[in-house]
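Here is a friendly walk through this structure for someone meeting it for the first time. Keep the 3D view open and follow the points in order.

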Amino acid sequence: MNWNNELTRILKIKYPLVQAPMLGVTTPEMVAAVSNEGGLGSLPVGLLSAGKTRELIQKTKELTSKPFAVNLFAHDIPAIDIPQTEALQNKLSDIAQEYSLSYQRVDVNLIHHYSYQEQIEILIDEKIPVVSFTFGLIDENSIRSLHDNGVIIIGTATSVREAVHLDNEGIDIITAQGIEAGGHRGTFLDDEPLPQIGTFSLVPQIADKIKRPVLAAGGIMDGRTIKAALILGAQGVQAGTAFVGSDESLAVNSYKKALKNSLDTDTVLTRAFSGRWARGIRNAFHDQVQQLNITYPPYPILNTLTAPIRSAAQKSDNKELTTLWAGQSAAMAMLKPSAEIFRALIAEAERLG
């Protein structure tokens, strides 16, 4: 297979395979492993301080001299409804007690959600060659600053309208995120119904509408899906769930086992963990919060409120009360080192010609 195309030339990588940035799962070791194999590792820094962002970047640089991307969250920072959050924390505490876990209440008066704008200068200073973003569109000044410093920008679209919007704003590469994809949806246009287009329907429609390179995301788990995405008009692919079970992943053991034991019908779109639509394997926390019939606080407020119970669950390797972000092909995930997973994906695609 000839991997050399516009996208590989722009990103200066050997293979057009990008490891999806998964906050809470991705590590510098995972990012470096993918980049060292000739792909593009992606380091997620959404919601992190400028100091923590720099720390993770420098750790990744210690592990690879190859290009890697850094991923930002481009959402707005909402106001906090204190009475709503206090009432919700009471309910979260009750859920935790049912599973003999302690819930450390969050002092909502001390909550500070970092904006991507606090990270832009760090990325430029650290000479990051590729910056991706999701949950919205970074502002015009940030786009200009990144471009002025030679940075390639990747944006996420879940519909054709979103892709065209990103194209018009000068975003260099568009990730077409299908409904199969695990983790949070990158949807950002609120004046249309929640896009639920499958990857293999979305990719050719976006490729027909824009001239920029397209990355296919959602359901990319083996050589067959890589080749299919390229045939449909993508110039590269982005794989996330494929790396959740890797040795370098922060996913707890019960999470990794849940991937392998999952059925094709086991994932669900939910807002129960963060207030933002995301796909993961259904568990007790999702079901119980759904039954509360509450108005979800917006992202990332609910995400902050559920963090203590998720953290406690992870420490006790309890998969029922933490996020199990995964796509619809989760059972195809490999429990191996990231480098081996990457090589297996490339080798199978090459065997298909």
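Predicted model: local features only at pLDDT ≥ 70, side-chain atom pairs only at ≥ 80, totals over all residues.

1. Strand 3, residues 68–73, runs parallel to strand 4, residues 130–134, and five bridges link the two.

2. Eight strands form an open sheet with parallel pairing, and their order is 1-9-8-6-5-4-3-2. Which strands stand at the edges? They are strand 1 (17–19) and strand 2 (41–44); each has a single partner strand, so one side of each is left without a neighbour in the sheet. From one strand to the next, the twist averages 25°.

3. Helix 7, residues 160–168, packs on the eight-stranded sheet. The strands that helix 7 touches are strand 4, strand 5 (152–157) and strand 6 (173–177), and the direction of helix 7 makes about 160° with that of strand 5.

4. Next, please look at phenylalanine 135, in the loop between strand 4 and helix 6 (140–148). Most residues other than glycine have a negative phi. Phenylalanine 135, though not a glycine, has a positive phi of about 75°.

5. How is the lining of the second largest pocket made up by class? Ten residues are nonpolar, four are polar and six are charged.

6. Three strands form an open sheet with antiparallel pairing, in the order 7-11-10. Its edges are strand 7 (183–184) and strand 10 (267–270), each with a single partner strand, so one side of each is left without a neighbour in the sheet. Strand 10 pairs with strand 11 (residues 278–281) in the antiparallel sense over four bridges. Leucine 269 has arginine 279, in strand 11, as its bridge partner.

7. Two packed helices are described by the angle between their axes and the distance between the axes. For helix 9 (residues 223–231) and helix 14 (residues 338–351), the axes come within 7 Å and cross at roughly 60°. Is this crossing of helix 9 and helix 14 left-handed or right-handed? The crossing is right-handed. Helix 9 brings Gly223, Arg224 and Ile226 to the contact, and helix 14 brings Leu345, Glu348 and Ala349. By class, three residues of this contact are nonpolar, one is polar and two are charged.

8. One last stop is a peptide bond. Most peptide bonds are trans. The bond joining tyrosine 299 and proline 300 is cis, with omega about 5°. You will find proline 300 in the loop between helix 12 (284–291) and helix 13 (301–315).

Conventions: Residues numbered from 1 in each chain as written. Heavy atoms only, no water. Nonpolar A, V, L, I, M, F, W, Y, C, P; charged D, E, K, R; others polar. Axes fitted to C-alpha atoms, helices over the stretch in contact; angles between N-to-C directions. Left-handed = near helix turned anticlockwise from the far one by under 90°. Contact = heavy atoms within 4.5 Å. Pairing = 2+ DSSP bridges.
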